[in-house]
Amino acid sequence: MEHQTKSSAMQLGLLVFGALAILTAVEFAIALTTNLWQVLAVIPFIKAGLVLYYYMHISRLFENDEDVDKESFAYKLATNRIGLWLFLLSDMFIFGGLMISRINLLGLTRPDLIQYLGLGVTTILLISSFFANRAEVSMESGDRRQFLVSISITMSLGILFLLGVLGVEWRLAPFGPSTNLAGAIFYIMTGFHAFHVFSGVIFLAIVLRNGAHGLYSSEKHWGVEASVVYWHFVDVVWFFFYPALYLIGSLAK
Amino acid sequence: MRKIYSIGLVRGLLWQILGTAVGIGILTGIRYLLGLTPWKPESAFVFGALLGALFFVYGIGAVDGWIKVASGKEAPELDETNWGRARYFGVSLDHKVIGIQYLVLSLVLMLVGGSFAMLFRTELANTGLQFLTLMEYNTLMSLHGMVMIVGILVGVAAFMNYLIPMMIGARDMAFPRLNAFAFWLVVPASIILISSMALGGFDTGWTGYPPLSVRAPIGIQMFFLGVSLAGMGTILSSLNVITTALRMRAKGMTGFRLPIFVWGSLATSMISLTATQLIGLSFQMVMFERLFGMGFFDPAKGGNPILFQHLFWFYSHPAVYVFVLPGLGIISELLPVFARKPLYGYKWVAISSFGIALIGFLVWGHHMFASGMAEYLRVPFMYSTLLVAVPTGVKFFSWLGTLWRGKIVFPVPMLFVLAGIVVFLLGGLTGPPNATVATDLQLTDTYFIVGHFHDTMFGGYIFPFFAAIYYWFPKMTGRRLNETLGKIHFWLMTPAFITLSTLMMRIGLLGMRRRIADYDPSLGVTIDNRVMTVAGFLIALGILTFLINAFWSLRHGEIATGNVWNSRSPEWQVPSPMPIHNYDKPFEVVGEPYDYGLPDSQYIKFIEEE
Amino acid sequence: MRRYVIIFILVIVSTFVVHEWLMLVHLFPREASAQSIPVDQLFHVHLWVISFLFSLIMVTLIYSLIVFRRRKGETGDGAYITGNSTLEMTWTAIPLMAVLVLAYAGAKTLGAIRVIDPTALQVKVTAGQWYWRYSYPEFGVTSSDLYLPANRQIDLQMTSVDVIHSFWVPEFRVKQDIIPGRTVDLRVTPTLIGEYTVRCSELCGLRHAYMEGKVNVVSQGDFDKWIAQQESAAPESPELRGQQLAQDYGCINCHSVDGSPKTGPSWLHLYGSIVKLTDGTSVTADDNYLKTSIIQPNAQVVLGFPSNVMPDFSTVLDQTMVESLVAYIKTLK
């Protein structure tokens, strides 16, 4: 793995964030105007691709390490990566199942939700992903202070997201889980996602604590990488859930 | 007292009881504080059971290592050298111990599930209700299905865990802690699953279709929760298997030099890693529908009962391949040893496992031909289902090719392998009539399906499973199982089972529906049912012989520490039982795995340290 | 070579023996519908395939086990044969051929049993825990036994009031699950006059085993007679019709008419009384209240009784049927 310099990695992170932000804005604009569901269905895949490649470093899975000693840290690290990604693959099927249920039950309708709140929590999660990436880049270059700051921001934004969805949206929604189908789908999708965000926050908190105790170095920081990749994954899921719940289709009865 | 508490399992169980009580207390307390009716049994028991499972896992110490890591400490490897028998009753990180723990749990679960079957099989010996009420019958029948399924999943995990690291020359699994955690999650899950009997049972069958499952007694919640948790354990264990097989192989062990069982296990694990989430999700959706009134499957709220069936079968059909692929792997693994010939067409057999697994993802709709799903889906599902015959055929012909011109010997494991082939053939051949829609409309939900299914399960799993136990028992214990008792077991079980399953198919064709507590005497199937009950008891007697054999041989069996079967597989090249970290010296693969009959060929060579 | 010839002959002989044996044992119920003919033809294709593949594998297996067994005093291993790609491809092709044959035959048969006749006699089927009810919209007749004229396609329009059930008469060879909240159709053309049993074949709860009903296939003449009989026997007065409906649709399984406690409130002295509801309010049990309770059972739930128990009858009962029921309940005051 060739080492990028820290500043260029940070720039790349910012660039990706910019692209994601623009795509999200485009989504929102399309939803308010033409509501072409075909476009709204494609954009999340582009966003997910960007995050998978630039933030989650999916290519690291395919690095060749045949000749490395099997007891070495590098080999074990690569093994851990495979384990983590297999877990994400498995998790993807839950969210896929939820999406299929949503498509089957609601089709081109959506629950009646507060648009600006949806955009707000999406933005919060997007920014948190940017800082998660920044935290990892900082750790790789050995900048512990920057790492601690970034990971704290990520975590706080995660908590803010949870408050936004569970504290505000769940309370203000004009329906309960048992009112109608749209309500049922809304609560189960946000519920499963929020549970993952919550576990992500816990992982970040553990990493923050251990980072503050100086347990990670620029070479050995699997904990940081794992929790950040997991965090990005949760973010990617929201890329799909956000248009599915807030944007696509007309209001359900 | 302290000594008893130091046994992991006891500690776990005590914590589970505590957790359940705490969960019930918390939920009732919250409801009281919110001003709702405090005692709502359904939510209280669900929350209690969930917390109970978590407490169990914590109490037994399956998460100790992770807590240490999370709090910034080193998590040392456990030194289990002097633990003796206690290793088997608590958290151990050794894959061989975990494998044997899985094996014992599997046997326990299958004995429980099997005795349920004996109860209702006896009930069916005559028309009318003899000694079970309708609710008891339905609960036993439903639990028989799911307890057996969990038992089989656990048994599959047993052999994957026990064998794969040894076969590929690894010290242990890739993630030993995750391995232990996955196992100890299944234990409370099984307890919760069976506890559904105490909470009113349920009358939905193992499929738990809504809206019926929305109306069933609270027992169904324990069923859903137990299966979800056990599913979680399966997912984690298959994740571990895949990573291990990908990353921990000895030098020179390339893909097509892997023991064939590893191929089957990989295909199996790919399925359970991904698809299991959907049975969990579908069951959880019904749980939420019951708890919070969410109307996913409630037609009155616009929900779609068919959606559940799609989600459910997306796992539950491939699940069948999860059960049989390792079993077929065991058949392919053992045949060359007892025919003293190379496995015929190794690459084809290896790839056919993946072929079955991949096609398996595309065929779930054949369970729903009569369900009222979209009509245009029937034909593509019919075609994809028929295609399963192709890779399955490859396996059969390869087995025949392996036997051809061999020097076949017939010790007990070989008998079970052969019975497995014959029974799986019966199961396989009765598959296509279920694949073509028109004939399936007659067959679905009848005893024909029950017969077909039991044939595939016994042929693809139960018989190979016993073959594997007889074959690897010396590796596990250093003693052999008694051959005579083994043969009695075999001859009690095999003809009886073939009679049982064939008659099941016959009465199904004649009009006996599945899952019924009583049947119409005018169908003329009463005598068949009596014969089946007798056959059932003979099978039970066979299993009893096996248990006696196992307990007796554990202490008094013939000592066998060497290469009992004259196998080429790596694990047999060292004395039994294996030491804690498997091989003292690492090995290198220098030849093909099944080159029996090629003089002076070697599969592995131990690397001498300089 | 000799070995292959022996096996070839044995496989052929065995195929015919197995097939004959399968034909001799009593496997299928009578063929009582037009649909059962193509279905059974497909079954016979399957039986040939099964007989052949079973013989091919079993003969080779048993032959190998006998001929290639290790004899006393023999040592050493078997022949060193690792595989043969041509042979592998051949026996990938054998099942593939079988698959293609079955795929073709399967699709053709499916088409044959789904042929829709526009002049079919429509019968509405209502399934519930645990009963079958039928109504003939053409004649305005309802019944708890199914009467079908022979040699005419029947269009069964089926719905369920509670859980999933499944309509299956083994002699007709077709089966269809019945889903609450929708109407599914099943086409069947009975051909053989006789008495049959419809058996619910999707697990539907406690008494699933007993959810059976009579099916009578009769000649067109007898069918017309039966219809006429039903029409004349049908009570003229709405009160009596209501009483009949209460029995046919299982109302009285949960609502007693003598004041005794059952799953739902008793109908005795119900009309005109003041009913306390779960939401704390009270209503007078007038026509309107009763009608609402029948078609929207969860709108006004009586205090002390659970909600979500009574099925939604709005798709099953039409306006006049509901009115008849109310008329009957009135007589019980």
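The crossing of α12(B) and α14(B) is left-handed, a term used when the near helix is turned anticlockwise from the far one by less than a right angle. Helices are DSSP runs (H or I, at least four residues), strands are runs of E of at least two, and both are numbered from the N terminus. This is a predicted model, in which local features need pLDDT of at least 70 and side-chain atom pairs count only at pLDDT 80 or more, while totals for chains, interfaces and linings use all residues. Residues are numbered from 1 along each chain as its sequence is written, and chains are lettered from A and ligands numbered from 1 in the order in which they are written.

**Helix packing in chain B**

The axes of helix α12 (residues 346-360) and helix α14 (residues 389-403), both of chain B, come within 8 Å and cross at roughly 150°. Because of this angle, α12(B) is roughly antiparallel to α14(B) (over 145 degrees, on a scale from 0 to 180 between N-to-C directions). The residues that make the contact (C-beta atoms, placed from the backbone, within 7 Å) are listed below.

| Helix | Residues in the contact |
|---|---|
| α12(B) | B:Trp348, B:Val349, B:Ser352, B:Gly355, B:Ile356 |
| α14(B) | B:Pro391, B:Thr392, B:Val394, B:Lys395, B:Ser398 |

By class, this contact has five nonpolar, four polar and one charged residues. Ala, Val, Leu, Ile, Met, Phe, Trp, Tyr, Cys and Pro count as nonpolar, Asp, Glu, Lys and Arg as charged, and the others, Gly among them, as polar.

**Contacts between chains**

Two pairs of chains touch, and the most contacts are between chains B and C. There, 72 residues of chain B are in contact with 72 residues of chain C. Helix α14(B) gives the most to the chain B side, with eight residues. That side has 44 nonpolar, 15 polar and 13 charged residues. No contact joins chain A and chain C, and their closest C-alpha atoms lie 13 Å apart.

**Chain A**

Chain A has seven helices and two strands, in the order α-α-α-β-α-α-α-α-β along the sequence. Its radius of gyration, taken over C-alpha atoms, is 19 Å, close to the 18 Å that the globule rule gives for 253 residues, so chain A is as compact as a globular protein of that length. The rule is 2.2 Å times the number of residues to the power 0.38. Of the 253 residues of chain A, 41% count as buried (20 or more other C-beta atoms within 10 Å of the residue's own).

Notes:
Parallel < 35°, antiparallel > 145°, perpendicular 65-115°, else oblique. Buried ≥ 20, exposed ≤ 12 C-beta atoms within 10 Å, placed from the backbone.
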